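Hi there,

Here is the structure I promised to pass on. Have a look at it first, and then read my notes below.

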Amino acid sequence: EAGDQTAQNESPAKPLGTCVGDSKSCPEGGRLHAKIEGRYVSVLRIDGKLFCIDSICFHAGGPLGIGDIEDVNGHKCLVCPWHFYKIDIQTGDKYYQGLEFKDGKMLGGEWKSNGVRQRVHPVVEESGKIYVTLSTQPDAEAAATAAGLLGCGGPTAA
Ligand code: FES
């Protein structure tokens, strides 16, 4: 039957995900923020590549999606405006700087990862539009809770 033939010859169309906006609304260095199925996500274009990460910081709900971008050992990170956690935009890893004690001085040592703490999502661009598929990666927040990294309770007044 003709229908069966088509099914055999063509690979099934891959769903693109949820459209979050036009490509031109997220130029190089730009961002897009969207809500998909109740989840806030931020799309960033850095060095020509798109990334998508949960907008709300796993730590205490800070606005991670609007944080500054910093390079941590070659990893592009969002820096949460509330407590300055550095989160890898590609993997969701949270980095911290180990300390070294030398000759009575405390020095900033190597950058290390606490593991994946923030959820990241696949993002694709097609025909001038950007699409996000909510991730099915293990629950990063649950991992953070287990590691005792949650529960700060929000920003403290200076
Ligand atoms: Fe983001 Fe605390 S809420 S670092």
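Let me start with methionine 106, which sits in strand E9 (residues 105-116). Helices (H or I, at least four residues) and strands (E, at least two) are DSSP runs, numbered from the N terminus. Methionine 106 is exposed, with a relative accessible area of 55%; exposed means over 50%, buried under 20%, and partly exposed in between (1.4 Å probe, protein chains only). Together with Leu99 and Phe101, Met106 forms a nonpolar surface patch of about 380 Å² accessible area. Patches are made of residues with over 30% relative accessible area and no salt bridge, with nonpolar side chains (Val, Leu, Ile, Met, Phe, Trp, Tyr) joined within 5 Å and like charges within 9 Å. A salt bridge here is a side-chain nitrogen of Lys or Arg within 4 Å of a carboxyl oxygen of Asp or Glu, and accessible areas come from the Shrake-Rupley method with a 1.4 Å probe, where for residues only the protein chains shown count as cover.

A word on the source: this is a predicted model, in which local features need pLDDT of at least 70 and side-chain atom pairs count only at pLDDT 80 or more, while totals for chains, interfaces and linings use all residues. Residues are numbered from 1 along each chain as its sequence is written, and side-chain values use heavy atoms, with hydrogens and water left out.

Back to the strands. E8 and E9 run antiparallel and are joined by eight bridges; two strands pair if DSSP finds at least two bridges between them. Leucine 99, from the patch, stands opposite glycine 108 in E9. The E8-E9 hairpin has two residues between its strands, and aspartate 103 takes a positive phi near 50° there.

Four bridges join E1 to E11 (residues 129-132), and aspartate 22 has lysine 129 as its bridge partner.

Overall, the chain has two helices and eleven strands, and 36% of its 158 residues are buried.

Best wishes
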